[in-house]
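Dear colleague,

I am passing the structure below on to you, together with some notes on what was found in it. Please read the notes with the coordinates open beside them.

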Amino acid sequence: MKRTSAKPIATPVATAPRVIALLNQKGGVGKTTSTANLGAAFAIAGLRTLVVDLDPQSNLSLHFGHEPTPDQPTVRDLFMNETMEAKETIRLARPNLWFVPSDTELALVEGELALQENMQRILARRLESVMGMFDVVLLDCPPSLGVLTVNALTVADEVIVPTQAQYLALRGLEKLLETVLLVQRALNPRLTVGGVLLCMHESQSSHGKAVVEEMDQYFAKFKGSGLPWQDALVLRPAVRRNIKLAEAPSFGQTIFDYAPTCAGAADYRALADAIRQRWVRVEAPAAAPAEVLAAGAATQ
Ligand SMILES: Nc1ncnc2c1ncn2[C@@H]1O[C@H](COP(=O)(O)OP(=O)(O)O)[C@@H](O)[C@H]1O
Ligand SMILES: [Mg+2]
């Protein structure tokens, strides 16, 4: 039938990777640790995984034992150097796991980008040529809601917010959600919030328990609201505080290289499984048929 043979639009949807931005405008909350170790968990589970370091602090590479050299291509080339092909910036870290390193001079890019037209879509445009090679792409965001983060949100399907269970975290979350909503409305209607990821969690603390309960209630209020965080939740399991997670990058290793049987490895493995199961549940009924119909409509 004519309407279902609309391959040009339907095919990229079927092969597009799931793109997740790990975002919190606060530093030191567990974004990079989570990007590296969730990425490694997805790769071990057989997904072709790309992780992109968007933070000028360039910490992500440490988890893969990668020593930056001045002449190597970085994420900065994606933003500033049109002649550099995206695939030249990608390095293999482990089987099934690739990454784009960052560069301390990325900090200067924020200011330069602000002057460019369509500066919010640069990352989306530049990654287009490599997206078909991956099943999942993780974006390690800088601790700000600036231009680099907006670029990440413009290409992402989902935002995950690494955080601690502390009272002030909720306030920061509201600001972050405001930014997500602006980007979703103006630039990326696909964007959703998967939820918060509790890092360095201490499940015995009574303050922590109260905040987690408050976060659960906070998200429950938005069910069915049509807002990008209507299906968001506090992701389970929480990642427990585990010193091995802090030690692994100093050996150039992910937690699965360094201490594959420790609590930190178990938590990230279980979390990666839980996140994948949610893609199936949240998306299966809604997204796939709608895309096929939209593709059909476009060819009428
Ligand atoms: N579950 C954890 N247990 C112990 N230390 C952790 C854990 N998660 C992160 N860390 C440590 O906390 C610090 C901040 O984490 P990081 O992932 O770099 O945060 P961000 O990227 O948000 O700035 C790092 O030293 C990291 O090793
Ligand atoms: Mg970081």
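Tyr218, Phe219, Phe222 and Trp229 make up one aromatic cluster, where rings of Phe, Tyr and Trp (for Trp, the six-membered ring) are paired if their centres lie within 6.5 Å, and where planes under 30 degrees apart are called stacked, those over 60 edge-to-face and the rest tilted. Within this cluster, Tyr218 and Phe219 form an edge-to-face pair, with 5.5 Å from centre to centre and 70 degrees between the planes. Tyr218 and Phe219 are both buried, that is, under 20% relative accessible area, with exposed meaning over 50% and partly exposed in between (1.4 Å probe, protein chains only).

The model is a predicted one, in which local features need pLDDT of at least 70 and side-chain atom pairs count only at pLDDT 80 or more, while totals for chains, interfaces and linings use all residues. Residues are numbered from 1 along each chain as its sequence is written, chains are lettered from A and ligands numbered from 1 in the order in which they are written, and side-chain values use heavy atoms, with hydrogens and water left out.

By the ring rule the count comes to 7 aromatic pairs. One of them is the tilted pair of Phe64 and Phe99, at 5.2 Å centre to centre and 50 degrees between the planes. Because Phe64 lies in the loop between β2 (49-53) and α3 (75-80), and Phe99 in strand β4 (residues 97-100), this pair ties together parts that are 35 residues apart in sequence; helices (H or I, at least four residues) and strands (E, at least two) are DSSP runs, numbered from the N terminus. Phe64 and Phe99 are both buried.

As for ligand 1, there are 14 residues around it, of which Gly28, Lys31, Thr32, Thr33 and Asn242 come nearest, a residue being counted as near if one of its heavy atoms lies within 4 Å. The largest share of this shell, 3 residues, comes from α2, and α2 (31-44) and α9 (243-247) each supply at least two residues. An oxygen atom of ligand 1 is 2.9 Å from an N or O atom in the side chain of Lys31, and an oxygen atom of the ligand is 3.0 Å from a polar backbone atom of Gly30.

Finally, Gln164 is placed in the loop between β6 (158-163) and α7 (167-186). Gln164 is buried, with a relative accessible area of 10%, and its C-alpha atom is separated by 9.3 Å from that of Val212, 48 residues apart along the chain.

With best regards

Methods
A polar contact is a pair of N or O atoms within 3.5 Å; within protein, one must be able to donate a hydrogen and the other to accept it, and residues adjacent in sequence count only if both atoms are side-chain atoms.
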